[in-house]
Amino acid sequence: MWTLISASPSPYARKVRIALAEKGIPFTLQTEVPWDGATVTPQYNPLEKLPVLILDDGECVYESHYILEWLEAKHPEPALLPSDVDGRLFAKKVEVVCDGMCDAMVIAFFERMREPEKQSEPWKARQMRKVEGGLRQLSTWVDQRQGQYLVDDRLTIADLAIAAFLGWFAIRWSEHGWQTQYPALKQYWEGLEALPHFKETRPSPQTIKDQVV
């Protein structure tokens with residue numbers, strides 16, 4: 001059986017967990033804190049980042065976007081990318097925006113963990129501008145959709161990416177008012193979160209003990 005190394009609230013890993021479940025691929029979930037002193041992450045990914053998918057033969061597949069591409073190539077059914085070129089490119093574009101927001105929030109989150117006198121307000125503001133721009137774009141795309149899902153009215157990586165980011169954002173930045181500001185985006189997200197494999201993977205906060213910044 002394959003092993004997926006993940007950090008509990010990771011939106012990157014959640015995309016992979018949902019994809020594996022949707023494709024009916026059994027796996028064991030191993031929870032790690034990649035910056036903890038006892039982490040095994042560097043043994044499997046030279047970049048020391050999660051998630052990492054470890055196959056039966058010991059081969060490691062890492063970085064969430066590449067894992068998803070790998071799964072589509074190796075286990076194409078059920079497909080999580082649209083069949084037409086434009087649809088596939090759009091779904092990947094949505095994933096790029098969501099991953100970019102995740103990256104910005106991780107930077108802002110760790111900046112917020114620094115001692116107050118060491119924090120850079122301009123740096124945090126720059127990251128939050130990325131998030132605000134991403135939320136506006138997601139809201140526009142959701143308003144333009146034709147059905148329950150974002151592309152072709154069926155589940156794709158675009159939906160996985162959006163739900164993974166918003167679910168993580170809701171627990172890490174609960175004070176943000178996006179759910180009031182973008183009610184259609186909130187409704188779309190809640191519809192996804194009601195799906196079985198999304199419910200099974202809802203994130204929970206993870207305690208960070210080591211000083212990492």
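With a relative accessible area of 24%, F90 is partly exposed, since partly exposed covers the range between under 20% (buried) and over 50% (exposed). The structure described here is a predicted model. F90 belongs to helix 4 and W141 to helix 5, so the pair ties together parts of the chain that are 51 residues apart in sequence. W141 is buried, its relative accessible area being 9%.

A second pair shows another arrangement. The centres of the F165 and F169 rings are 5.2 Å apart with planes at 20 degrees, so the pair is stacked, because planes under 30 degrees apart count as stacked. Both residues sit in helix 6, four residues apart, or about one turn of the helix. Elsewhere, an aromatic ring meets a charge: R112 lies over the face of W173, at 3.8 Å from the ring centre.

Charged residues come next. Side chains of opposite charge can pair when their charged atoms come close. Over the whole structure, 13 salt bridges are found. One of these joins the side chains of K49 and E63, with N to O at 3.5 Å. This pair links distant parts of the chain, 14 residues apart: K49 is in the loop between helix 2 (41-44) and strand 3 (52-54), while E63 is in the loop between strand 4 (60-62) and helix 3 (64-74). K49 is partly exposed at 41% relative accessibility, whereas E63, at 19%, is buried.

K92 and E95 form a bridge whose closest N and O atoms are 3.0 Å apart, and both residues lie in helix 4 (residues 85-113), three residues apart, about one turn. K92 is partly exposed, with a relative accessible area of 21%, but E95 is buried at 2%. In helix 8 (residues 183-193), the side chains of E190 and K186 meet at 2.7 Å, N to O; being four residues apart, these two are separated by about one helical turn. E190 is partly exposed at 38% relative accessibility, and K186 is partly exposed at 24%. Salt bridges can also share partners, and in this way K15, E69, K92, E95 and D99 are joined into one network.

Which of its residues are buried? They are L185, Y188, W189, L192 and E193. Around the axis, these residues cover an arc of only 140 degrees, which puts them on the same side of helix 8. The face turned away from that buried side carries the exposed residues P183 and Q187. What do the buried residues of helix 8 pack against? Their partners are helix 1 (11-22), helix 5 (121-144), helix 6 (157-172), helix 7 (178-181) and helix 9 (196-199).

Conventions. Residues are numbered from 1 along each chain as its sequence is written. This is a predicted model: local features need pLDDT of at least 70, side-chain atom pairs count only at pLDDT 80 or more; totals for chains, interfaces and linings use all residues. Side-chain values use heavy atoms; hydrogens and water are left out. A salt bridge is a side-chain nitrogen of Lys or Arg within 4 Å of a carboxyl oxygen of Asp or Glu. Buried means under 20% relative accessible area, exposed over 50%, partly exposed in between (1.4 Å probe, protein chains only). The arc is that of the directions from the helix axis to the C-beta atoms. Contact means heavy atoms within 4.5 Å. Rings of Phe, Tyr and Trp (its six-membered ring) pair if their centres lie within 6.5 Å; planes under 30 degrees apart count as stacked, over 60 as edge-to-face and the rest as tilted. A charge sits over a ring if NZ of Lys or CZ of Arg is within 6 Å of the ring centre and within 35 degrees of the ring normal.
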